[in-house]
Amino acid sequence: MIKKILLIFGFLSLIMNCFSQDVSFSQINSSILYLNPAFAGSRKCPELSMTYRNHWPSLGSQYVTSVVTYEQYIRDLKSGFGILLMNDRSANGIYSLNSFNIYYSNQQKLTNNLNIKFGLEFSYKQNFIDSKKLFFEDSFNGVTFTNNTSESYLNNFKVHYFDVGTGILLFNDKWFAGFSASHINQPNQTLIYGESYLPIKYNIHGGVIIPLDKSTDRYEDVTYTPSISILRQGQFTQLTLNNNIRKGKFLFGGGLRLVDGYSYRDALLLNMGVDTGELLFFYNYDITISQLGPTTGGAHEISVVIKINNKTSGKKITVPSCSF
């Protein structure tokens, strides 16, 4: 085999056979639809959100994820609906994932102070390799590489598939606890040959609002919100702890992410944000504490949430607090 082709197919095998770990966000409360479909329509007002994550930017082969979501709760149906669009690029765009997800949730009251929501996720996804960024030995013209090659592209380096997920959420106005399962149909998403089934991803998560200082002006209240996410996919386990403090319009905090049985340090999480009531801006920076060290450049994660028609209604709508 040509050395260049061996390197390329080795790269493809590494991507497709290392249990295809899903994208992971540092701030679990900033990507709630991605966390659990039962969160669909879990705010008191419709929301449009955008999240951008740049992972290990200093390594050259960047891992960049962009997400846009919209969600809304319809009181008469006791149901929430959501849409998520995601683009995830690895190795400077050589490998990409495009995803279109729709969400549905149904809410029921268990007691006067406890609610339950069930959620479903249906997705259409496309994984592909940008062949224009691949160079073979016979494409070298003596001066530079061209896109001309006699090599055949197996499966055209592109695959389409449907994906299904589900989730459940218990909550009141002070805390929430949930469980979600993604890829329950385990779709085959190989790009080259054979089979590469996407492992089911399980996630247990929860959070609580703890008042620290209650002011006569509710916009000056101080609250502490710890949250946790335990993720399992294939042989991979991840624990994420977030701790956020909110004083009036300002939010700040820190957290920790551990992987592989909690024995392997991954990152310290630092964050800050501003919530004006109509607009939420949130920034998170990962400090790499694994063996890779600071040379990775950590990770930058930016979230912007637009709260549409965020006005107090005369009718009480029992959904998880916007503080989550």
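Modeller: Here is the whole protein in brief, followed by the space you asked about and its surroundings.

Please keep in mind that this is a predicted model, in which local features need pLDDT of at least 70 and side-chain atom pairs count only at pLDDT 80 or more, while totals for chains, interfaces and linings use all residues. Residues are numbered from 1 along each chain as its sequence is written, and side-chain values use heavy atoms, with hydrogens and water left out.

Of its 324 residues, 47% are buried, and buried means under 20% relative accessible area, exposed over 50%, and partly exposed in between, with a 1.4 Å probe and protein chains only. The accessible surface is about 16300 Å², and carbon and sulfur atoms hold 61% of that; such areas come from the Shrake-Rupley method with a 1.4 Å probe.

Now for the empty spaces. Rolling a probe the size of a water molecule over the atoms shows where empty space is left. On a 1 Å grid over the protein atoms alone, a cavity is a set of points where a 1.4 Å probe fits but cannot get out, and its lining residues have an atom within 4 Å of a point. By this rule there are three cavities of 30 Å³ or more. Your space is the second largest cavity, holding about 140 Å³; here grid points are joined across faces, edges and corners, and the volume is the space filled by probe spheres set on the points.

Who lines the second largest cavity? There are 15 residues, with F25, Y34, L35, N203 and L231 nearest the centre. Sorted by class, the lining has six nonpolar, eight polar and one charged residues. In this sorting, Ala, Val, Leu, Ile, Met, Phe, Trp, Tyr, Cys and Pro are nonpolar, Asp, Glu, Lys and Arg are charged, and the others, Gly among them, are polar.

Leaving aside neighbours within four places in sequence, Y34 is in contact (heavy atoms within 4.5 Å) with D22, V23, F25, L84, M86, Y103 and K201.

A nonpolar core is a set of buried Ala, Val, Leu, Ile, Met, Phe, Trp, Tyr and Cys residues joined through side-chain atoms within 4.5 Å. In the largest one, of 21 residues, Y34, L84, M86 and I129 have the most contacts inside it. At least two residues of this core come from each of α2, β3 (79-90), β4 (95-111) and β6 (158-171), and β4 gives the most, with three. Apart from this core lies another of eight residues, including I32, L35, F39 and L169. In soluble globular proteins, nonpolar side chains tend to be buried together.

How values were computed: 1 Å grid on protein atoms, 1.4 Å probe; cavity = no way out; pocket = protein on both sides within 12 Å on 5 of 7 lines; lining within 4 Å. Helix = DSSP H or I, 4+ residues; strand = E, 2+ residues; numbered from the N terminus.
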